[in-house]
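Here is my note on the model, point by point. Please keep the structure open while you read.

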Amino acid sequence: MNKHESFDRAISVLILLVAIAAFGVVIRNQFTKPQVATATNERSAKRIADWAEKSREAKRVLREDPRAAVTLTVFTDFECPFCRRLDSLVADYSAKHKHGLALQLIHLPLGMHLNAIPAAHAFECALEQGKSESFARSLYERQSSLGDAIWESVATSAGVPSLSDFQACMRAPIPAPVEAGKSLAKELGVSITPTVVVNDWLITPADPEYVFEAIKAVAAGRSPSQ
């Protein structure tokens, strides 16, 4: 075998090795890449049977209004930026319809957010003192800086009456409604935040335009799926 043939064979072997390596990378990525939820624009409204009973242990009141025709319930994570955006839009809507909307949330802290469960815990401690809505709003406003050092500051800005009671609550075990929310989400097949329930209609996706259309439909006695 002359030098030219040896060189050609070496190049062929090198090309083959490169091809095998590239194929291996493709196969590895196919089986090991993280599963990312894909967004969908398909609108859906599904009525949940026995919603009041199913959600009894998980739902947390933000604003009660006996005159409200519609109750908006949101599966939320306080570190979720889309939850913060929806909350801001709902606040604007509520300001224009003061007696038209009752508000509730259900905890669904996502595993990717390190402060989601502590934030839910802190919310429950504020709820005990009647400051659920203001505390939730403060959490969303400070979303980028959530952590152990900030809970008392949020409590103060939200007007929580007793800081000592709040601190004692934060030292206690995580309140049961946090786990109840996660269990209810699993039962209903809810895995993303925000997910919205309008009265007893599960609305997907939680696109603000669709959410407000659903609110108006239900308030008028119509199905949001129409």
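1. Accessible areas come from the Shrake-Rupley method with a 1.4 Å probe; for residues, only the protein chains shown count as cover. On that basis the protein has an accessible surface of about 13,200 Å². Carbon and sulfur atoms hold 56% of this surface.

2. A word on sources. This is a predicted model, in which local features need pLDDT of at least 70 and side-chain atom pairs count only at pLDDT 80 or more, while totals for chains, interfaces and linings use all residues. Residues are numbered from 1 along each chain as its sequence is written, and side-chain values use heavy atoms, with hydrogens and water left out.

3. Overall make-up. The protein has nine helices and six strands. These are DSSP runs (helices H or I, at least four residues; strands E, at least two), numbered from the N terminus. Of the 226 residues, 42% are buried. Buried means under 20% relative accessible area, exposed over 50%, and partly exposed in between (1.4 Å probe, protein chains only).

4. Contacts. A contact means heavy atoms within 4.5 Å. Among contacts with a separation of 6 or more, 76% are between residues 24 or more positions apart.

5. Salt bridges. The whole structure contains 10 of them. The criterion is a side-chain nitrogen of Lys or Arg within 4 Å of a carboxyl oxygen of Asp or Glu. Side chains of opposite charge can pair when their charged atoms come close.

6. Which parts does the pair Arg 47 and Asp 200 tie together? The closest N and O atoms of this salt bridge are 3.1 Å apart. Arg 47 lies in strand E1 (residues 44-47), and Asp 200 lies in the loop between strand E5 (195-198) and strand E6 (201-204), so the bridge ties parts 153 residues apart in sequence. Arg 47 is exposed, at 53% relative accessible area.

7. Arg 56 and Glu 57 form a salt bridge too, at 2.8 Å from N to O. Arg 56 is partly exposed, with a relative accessible area of 48%. Glu 57 is also partly exposed, at 48%.

8. Is the pair Glu 124 and Arg 60 buried or exposed? Glu 124 is buried, at 5% relative accessible area. Arg 60 is buried as well, at 16%. Their closest N and O atoms are 2.9 Å apart. The bridge links helix H4 (residues 116-127), which holds Glu 124, to strand E2 (residues 60-63), which holds Arg 60; the two residues are 64 apart.
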